Amino acid sequence: MFIDISENLRHFFCHYSEERRLPLYQALVGELVNIRSKIKLVEDNDQLNALKHQLKGVCRYLSLEFDVQIDAITRLQQLYRLVDHIHGQVVAIADEL
Amino acid sequence: MNILIVDDQQFVREAIKADLIESTFEHDFQTFEAEDANQGIEAIVAIEGNIDLLILDLKMDHCDGMEVINFLSEHASYVDIPLAVISSSDKRTLELVGSIARSLKLNLVGVFEKPINMDFILAETGRLQSQDDHKMVVKSPESISDYDINQLLADEQVLLCFQPQVDMKNKNIIGFEVLARMYDENGYIYPDTFLPLIDKAGLNVDFTKVIVAKAFRFWANEKTLASYTLSINVTAEDLSSDNLVDYIIRHKQAHADIKLILELTESQEIINQASALNSIARLIINGIGISLDDFGKSYSTYERLDTIPFNEIKIDRSFVCDIDTNEQHHLIVESTIALAKKMSVSVVAEGIETESVLNILAELGCDIAQGYVYSPPIEGRYLIAWVNRYVHKDIAANVH
Amino acid sequence: MGHKKYSYQKTVIMRVFSSFLRKIRSEHNLSQEGLRALLNERSHSFDSLDTISISRWERGINTPSLTKQSEIAEIFDDDLFNIYSSDADFVEESAYFVQLSSCVKRDKTVHPYYKNEQYHTKSILSDHADFESMLKLCLMYEANPRLFPAGQVIASSTLLKPLNLVSAFCGLKQLVGHCLFCKVNTKALFEFMNSSIGIMELLNVMNQERANVLVVLSSFGVSPQIDNHMMSVYLNQLATDKAIEYLSFSTCDSKLKQKLMQMKIPMFKVKPIEYQSKIIQNYSFIMSRSEVMANRNMLMLSVIPTREIEPTNVGIAE
């Protein structure tokens with residue numbers, strides 16, 4: 001159902017020198033956790049769109065062509081699952097960095 | 001090189017910083033970060049504006065990049081900070097913000113979609129900076145503030161150009177819009193340069209008087225032009241001067257056969273001023289036509305349309321020139337023409353550059369066309385020759 | 001230094017125009033009053049002209065603007081380019097801006113990397129062996145997606161014939177400047193500027209009505225001197241080809257745009273276009289012939305005899 005993005009993630013991180021990878025990784029994980037926790041607090045469409053926008057920004061940096069999928073999201077559950085998935089995959093490659 | 005990054009996502013800020021380190025540009029980068037517009041503004045003030053590049057995210061939590069853009073434009077000491085606007089928003093929004101930044105005279109490096117390419121942005125910033133250093137050997141000795149606008153106007157160094165307005169059905173020339181140029185020993189001076197100077201010197205009324213006098217003298221002298229309307233631009237400020245209104249009416253009375261139309265720019269202001277409405281009434285009574293210029297640019301124009309008995313609406317060139325590719329503009333022009341028809345006033349579309357736009361306008365029922373597709377503004381001394389050529393070409397076309 | 005230079009230019013202009021007036025009066029047997037009356041009759045610009053002014057112009061005490069001068073010249077079937085290009089002093093003054101001077105045999109660049117090198121210019125015709133490579137370099141610099149898209153094989157040379165390419169070289173093959181322009185019809189030009197047609201259609205001049213606009217697609221020099229020299233090439237073309245009614249620029253080069261604005265050339269349009277998934281600006285300018293010739297800087301550039309420009313294929317008829 002959800003595609004494997006570990007190759008994309010590796011590709012992203014290997015562009016940077018080793019000393020830059022850790023801060024980037026931490027910032028990325030922090031960002032995803034941040035978005036995920038805000039999903040529970042969403043009260044209206046505007047807030048949902050704001051989170052979708054933030055996720056789009058992150059995905060663009062990771063060269064993930066998710067613009068269309070993210071735009072199509074209408075329910076909080078869908079957004080949650082996507083963010084959770086990406087987070088899981090990022091954490092999974094942590095020891096490779 | 002001092003770089004300020006304003007973006008609410010820490011990950012994006014980290015990625016930009018990492019890119020800077022990896023970049024091929026050899027600079028000592030000193031980066032500053034801000035999470036939102038307020039922090040960004042605080043940072044600009046704290047660094048006293050010594051920023052070589054400001055990277056600004058457009059959409060942030062609880063606020064947006066426009067706050068920073070407005071802040072920059074309001075302070076002379078910050079307006080020159082090189083600005084790169086970034087976003088995951090769609091291109092049109094980015095372009096719009098870019099246009100706004102430019103019109104606010106900010107030092108815009110560009111608008112960029114995320115993920116941004118720092119090498120490219122740094123290169124563009126460098127190019128922007130080096131333009132200021134590029135010294136021209138052929139240097140005009142004067143700058144804008146060196147124009148002696150009082151002297152130029154006193155010497156009547158004003159030149160009238162005329163742009164034709166053509167009937168869309170039968171292709172006949174209906175009239176001409178008067179477009180003024182000024183000149184000094186170095187060349188022509190154009191409205192966006194001299195109008196602010198005239199305004200600052202308080203010479204608006206004098207300037208319009210010169211235009212009116214010259215235009216009437218020209219028209220009265222040429223029999224060929226007698227049947228064509230003469231359209232002259234006036235502002236709200238002009239209309240509040242009784243002196244000027246009298247002047248115009250006197251000219252019209254002295255030349256009863258000349259068909260005069262006054263194009264009211266800044267229609268929005270006019271509608272709100274009682275004195276201006278009074279002037280308009282006097283002008284209309286004396287047989288002078290009224291045209292609402294830049295139509296569609298302000299929303300309230302629609303609300304108070306019943307206040308002025310105008311004869312004509314002019315649709316602004318920014319809506320007209322791309323109706324063949326821009327769906328929104330097409331809709332705006334279409335509804336304006338429909339509205340004009342309901343109110344029985346004629347519609348002039350200006351800024352038509354290509355035949356495809358002309359054809360669409362014909363289909364939409366536009367009455368009069370003006371634009372480069374027929375001719376750029378023609379200097380007075382070449383006008384008669386142009387008219388003769390046009391009329392003969394027309395006759396020749398009809399014969400075939 | 002700059003200011004002093006300008007005053008001397010003005011003196012030269014005054015002298016050239018005053019001798020023109022005297023010549024006209026003697027050829028047409030007119031007194032100063034007679035000339036005044038004639039000008040007053042022929043044009044509204046001279047409604048408040050008095051005979052004293054004419055006397056002052058002839059004595060070199062002051063001189064009317066180039067705009068008025070061109071009107072007077074036109075009334076007598078002459079034009080400013082003709083008048084000024086025939087005056088050796090004026091041409092010499094103008095040549096200063098490209099550092100072409102009779103006492104300096106070859107042109108030198110003033111540039112950090114090419115300090116003491118001479119440069120020479122060459123007009124490259126479309127069927128010349130180097131045309132394609134020189135054109136590619138020019139297009140790479142210009143980076144304008146409206147011109148030939150990068151990497152596309154450039155079509156046969158016959159289709160490109162209307163393109164004028166002039167390159168400036170240092171030493172054997174070091175490119176230090178170029179300009180790229182062509183003569184087309186205004187209708188086609190506006191369609192090109194509005195993206196209704198592409199560059200190949202624009203160059204298809206055979207299918208257009210008479211060509212009346214010279215459009216510059218790229219203009220560049222590593223030093224201000226070479227930059228001016230490139231500009232003088234197409235300005236001279238415009239000045240000598242009376243069929244050209246307008247001068248236009250369509251470029252993505254912000255340096256060129258800056259230069260044009262410094263020369264007080266009005267910008268016509270700024271259009272954002274996409275290039276390699278970024279947005280860049282395409283700038284266009286258009287001015288009438290009389291606007292060009294009344295612009296002192298452009299008039300000066302146009303008279304610089306482009307004696308270095310020679311077609312590299314001798315004997316090919318234009």
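Classify C:Arg15 as buried, partly exposed or exposed, given its relative accessibility of 35%.

*Solution.* Begin with the cut-offs: buried means under 20% relative accessible area, exposed over 50%, and partly exposed in between (1.4 Å probe, protein chains only). At 35%, C:Arg15 therefore counts as partly exposed.

The model is predicted: local features need pLDDT of at least 70, side-chain atom pairs count only at pLDDT 80 or more, and totals for chains, interfaces and linings use all residues. Residues are numbered from 1 along each chain as its sequence is written, chains are lettered from A and ligands numbered from 1 in the order in which they are written, and side-chain values use heavy atoms, with hydrogens and water left out.

Next, consider the partner. C:Asp89 is likewise placed by its value of 39%, which counts as partly exposed. The two side chains form a salt bridge at 3.0 Å, N to O, the term requiring a side-chain nitrogen of Lys or Arg within 4 Å of a carboxyl oxygen of Asp or Glu. C:Arg15 belongs to helix α1 (residues 2-27) and C:Asp89 to helix α6 (residues 88-95) of chain C, so the pair ties together parts that are 74 residues apart in sequence. Helices (H or I, at least four residues) and strands (E, at least two) are DSSP runs, numbered from the N terminus.

*Solution.* Begin with the geometry: the side chains of B:Lys114 and B:Asp57 meet at 3.5 Å, N to O.

Determine how many residues of helix α4 (residues 66-75) of chain C are buried, and which residue of chain B C:Glu74 meets in a salt bridge.

*Solution.* Begin with the cover: nine of the ten residues of α4(C) are buried, among them C:Leu66, C:Ile72 and C:Ile75. Just after the helix, C:Asp77 adopts a positive phi of about 60°.

Next, the link. C:Glu74 is partly exposed, its relative accessible area being 33%, and B:Arg381 is partly exposed at 24%. The side chains of C:Glu74 and B:Arg381 form a salt bridge (3.1 Å, N to O). C:Glu74 lies in α4 of chain C and B:Arg381 in α17 of chain B, so the pair joins two chains.

**Exercise: the interface of chains B and C**

Characterise the interface of chain B and chain C by its contacts, its buried area and its polar pairs.

*Solution.* Begin with the contacts (heavy atoms within 4.5 Å): 42 residues of chain B touch 48 residues of chain C. Next, the buried area, which is the accessible area (1.4 Å probe) that two parts lose on being put together, summed over both. The value is about 4,400 Å², with 53% of it on carbon and sulfur atoms.

Then count the polar pairs. There are five salt bridges between the chains, including that of C:Lys10 and B:Glu185 (3.2 Å, N to O). The rule also finds 13 residue pairs in polar contact, both residues at pLDDT 80 or more. A polar contact is a pair of N or O atoms within 3.5 Å; within protein, one must be able to donate a hydrogen and the other to accept it, and residues adjacent in sequence count only if both atoms are side-chain atoms.

Finally, on the chain B side, α5(B) gives the largest share, four residues.

**Exercise: the interface of chains A and B**

Identify which three residues of chain A supply 40% of the area that chain A buries against chain B.

*Solution.* Begin with the totals: the contact takes 20 residues from chain A and 22 from chain B, and about 1,900 Å² is buried, of which carbon and sulfur atoms give 57%. The three residues are A:His53, A:Arg60 and A:Tyr61, which supply more than any other three.

Next, the charged pairs. The interface has two salt bridges, including A:Arg20 with B:Glu14 (3.4 Å, N to O). A:Arg20 and B:Glu14 are linked with B:Arg13, B:Lys17 and B:Glu33 in a network of salt bridges.
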